Amino acid sequence: MRLSRRALLAATTAAATLPSVPPATSAGRPSRLRTGFDRLAADGYAVLDGQRAGIVTNPTGVTRDVRHIVDVMHADDRVHLTAVFGPEHGFRGTAQAGGSEGRYDDPATGLPVYDTYLKSGRPLADIFTASGVDTVVFDIQDVGARFYTYIWTLYDCMEAAHLAGKRFVVLDRPNPVTGRSAQGPVLHKDFATFVGRQPIAQAHGMTVAELARLFNGEFLTAPVPLETVRMSGWRRSDWYDASGLPWVPPSPNMPTPDTALVYSGTCLFEGTNLSEGRGTTRPFELLGADGLDGRWAAAVNDLGLSGARFREAYFTPTFSKFRGKTIGGVQVHVHDRDAYDPVRTGIALLVTAKQAWSGFAWRSDHWIDKLTGSARVRTMIDAGADTDEVVAGWREELAVFRRVRRKYLLYR
């Protein structure tokens with residue numbers, strides 16, 4: 001007897017749903033966590049019953065045994081998956097920063113893959129309409145920072161689904177850097193871009209399902225019919241390694257959970273003429289420029305920032321800024337992640353870099369303002385403000401966001 005690929009996938013899917021011993025986490029205790037997809041599948045896809053479903057996802061949409069959920073759903077007769085929608089970097093993740101994969105048919109499943117990157121409003125709604133789906137599903141691993149574009153893909157897709165008359169379902173995954181609190185400046189609407197559509201904090205401290213609830217309740221012009229499939233076994237204080245889930249890089253320059261830990265602060269160096277470590281094996285942990293030396297590491301270490309130490313480092317990026325040139329700078333070493341404040345650390349690194357290197361400059365397009373959400377951080381640092389003064393500048397707006405955020409949290 002000859003088995004089709006679909007039948008073979010269905011058989012392996014059925015086997016994977018059998019009870020198994022939960023894997024141990026790095027802390028040595030069994031993982032309790034089940035993702036939104038785990039719970040959706042365990043419930044027989046009841047939320048999608050009778051619906052033609054299309055899913056917004058990327059390489060992070062995997063099961064615990066690293067099968068892609070599109071392959072799993074396509075092989076399962078209990079769900080009618082008819083389309084895939086790819087974000088920045090693409091559904092299968094072949095594109096670098098600022099790129100996508102375009103429109104094609106997925107070779108593994110034959111499903112049509114539509115490109116959502118940099119599309120919003122009516123053009124994106126037209127894509128949903130053309131795809132013929134009834135329900136748009138979202139399942140992408142976030143990293144907890146306002147300027148990571150997948151959460152704005154979520155926002156744009158929710159808005160477009162409303163315009164197209166579609167239902168919207170969000171399958172939740174952990175915030176890898178915990179959901180304990182929100183930190184950093186809040187976006188000012190005049191500075192809205194694809195790295196920040198709406199006024200949320202730089203480190204938002206939410207999961208994608210919680211953000212979807214926030215977007216629906218506070219920011220969309222009209223709410224979309226929304227359902228969220230919660231995780232079970234996740235606590236707000238949990239780091240990613242407590243989940244027992246495999247880490248799949250959400251984008252090419254997010255190779256490990258350690259990258260996510262520093263990203264909401266050190267990504268600010270994208271707004272400067274320093275390298276943010278792209279083109280190295282430690283993006284966003286390595287920072288530097290031609291002309292920097294050990295004085296920068298000494299200056300930032302002298303601040304006694306909680307949870308981190310800074311090593312004088314030299315590296316040669318293989319692409320992006322300073323490609324092929326050996327440059328000096330620092331490597332961020334987080335030794336106590338519970339005490340570490342990534343946004344405050346990012347500001348301290350900016351302040352000390354400007355003091356330690358006469359060549360320091362902001363990008364001419366003031367990209368730093370888009371990343372921080374206003375001109376305030378840039379103008380305060382240029383005026384000589386220290387780290388404490390810059391951080392104090394967002395205290396009131398952050399308190400307001402934290403109160404709003406509290407209404408939409410799903411986990412303790």
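Modeller: Happy to. Bear in mind that this is a predicted model. The chain exposes about 16,400 Å², and carbon and sulfur atoms supply 51% of that area.

Biologist: What makes the chain as compact as a globular protein of its length?

Modeller: Let's begin with its parts: the chain has 13 helices and 12 strands. Its radius of gyration is 22 Å, close to the 22 Å that the globule rule gives for 412 residues, so the chain is as compact as a globular protein of that length. Along the principal axes, the C-alpha atoms fill a box of roughly 70 × 45 × 40 Å. Of the 412 residues, 56% count as buried.

Biologist: How many of the contacts join residues at least 24 apart?

Modeller: Among contacts between residues at least 6 apart in sequence, 74% join residues at least 24 apart. As for charge, there are 48 positive and 44 negative side chains, and the centres of the two sets lie 3 Å apart.

Biologist: Why is Ser 275 called buried?

Modeller: Buried means under 20% relative accessible area. Ser 275 has 2%, so it is buried. You will find Ser 275 in the loop between helix H7 (257–266) and strand S10 (286–289). Not counting residues up to four places away in sequence, Ser 275 touches several residues, including Leu 286, Leu 287, Phe 315, Pro 317 and Ile 327. Its side chain also reaches the backbone nitrogen of Gly 277 at 2.9 Å.

Biologist: Why is helix H6 described as largely enclosed by the rest of the structure?

Modeller: Nine of the 12 residues of H6 (residues 208–219) are buried, so the helix is largely enclosed by the rest of the structure. Among them are Val 208, Glu 210, Leu 214, Phe 215, Asn 216 and Phe 219. The buried residues of H6 pack against strands S5 (135–139), S6 (167–171) and S9 (226–229), and against helices H5 (150–164) and H13 (395–406).

Biologist: Gly 121 is in helix H4 (residues 121–131). How do you know whether Gly 121 is buried or exposed?

Modeller: The cut-off for buried is under 20%. Gly 121 has a relative accessible area of 14%, so it is buried. Not counting residues up to four places away in sequence, Gly 121 touches Glu 159, Ala 160 and Leu 163. For a sense of distance, the C-alpha atoms of Gly 121 and Arg 323 are separated by 37 Å, and these two residues are 202 residues apart along the chain.

Biologist: What makes the pairing of Asp 71 and Arg 92 a polar contact?

Modeller: A polar contact needs a pair of N or O atoms within 3.5 Å. The side chains of Asp 71 and Arg 92 are joined by such a contact of 3.5 Å. Asp 71 is in helix H3 (residues 69–74). With a relative accessible area of 13%, Asp 71 is buried too.

Biologist: What is noted about the phi of Tyr 45?

Modeller: Tyr 45 has a positive phi of about 60° although it is not a glycine. Tyr 45 lies in the loop between helix H2 (36–42) and strand S1 (52–57). At 1% relative accessible area, Tyr 45 is buried. Ser 320 also has a positive phi, of about 70°, and is not a glycine. Ser 320 sits in the loop between strand S11 (308–315) and strand S12 (327–334).

Biologist: Why is Ser 320 called partly exposed?

Modeller: Buried is under 20% and exposed is over 50%, with partly exposed in between. Ser 320 has 35%, so it is partly exposed.

Biologist: What does the side chain of Arg 311 make a polar contact with?

Modeller: With the side chain of His 333, at 3.4 Å. Arg 311 lies in strand S11. At 39% relative accessible area, Arg 311 is partly exposed. Not counting residues up to four places away in sequence, Arg 311 touches Ala 297, Gly 329, Val 330, Gln 331 and His 333.

Notes:
Residues numbered from 1 in each chain as written. Predicted model: local features only at pLDDT ≥ 70, side-chain atom pairs only at ≥ 80, totals over all residues. Heavy atoms only, no water. Helix = DSSP H or I, 4+ residues; strand = E, 2+ residues; numbered from the N terminus. Rg over C-alpha atoms; globule rule 2.2 N^0.38 Å. Buried < 20%, exposed > 50% of the residue type's maximum accessible area, 1.4 Å probe, protein only. Contact = heavy atoms within 4.5 Å. Areas by Shrake-Rupley, 256 points an atom, 1.4 Å probe, with all protein chains shown as cover. Lys, Arg positive; Asp, Glu negative; His and termini not counted. Charge placed at Lys NZ, Arg CZ, Asp CG, Glu CD. Polar contact = N/O pair within 3.5 Å; in protein donor to acceptor, adjacent residues only side chain to side chain.
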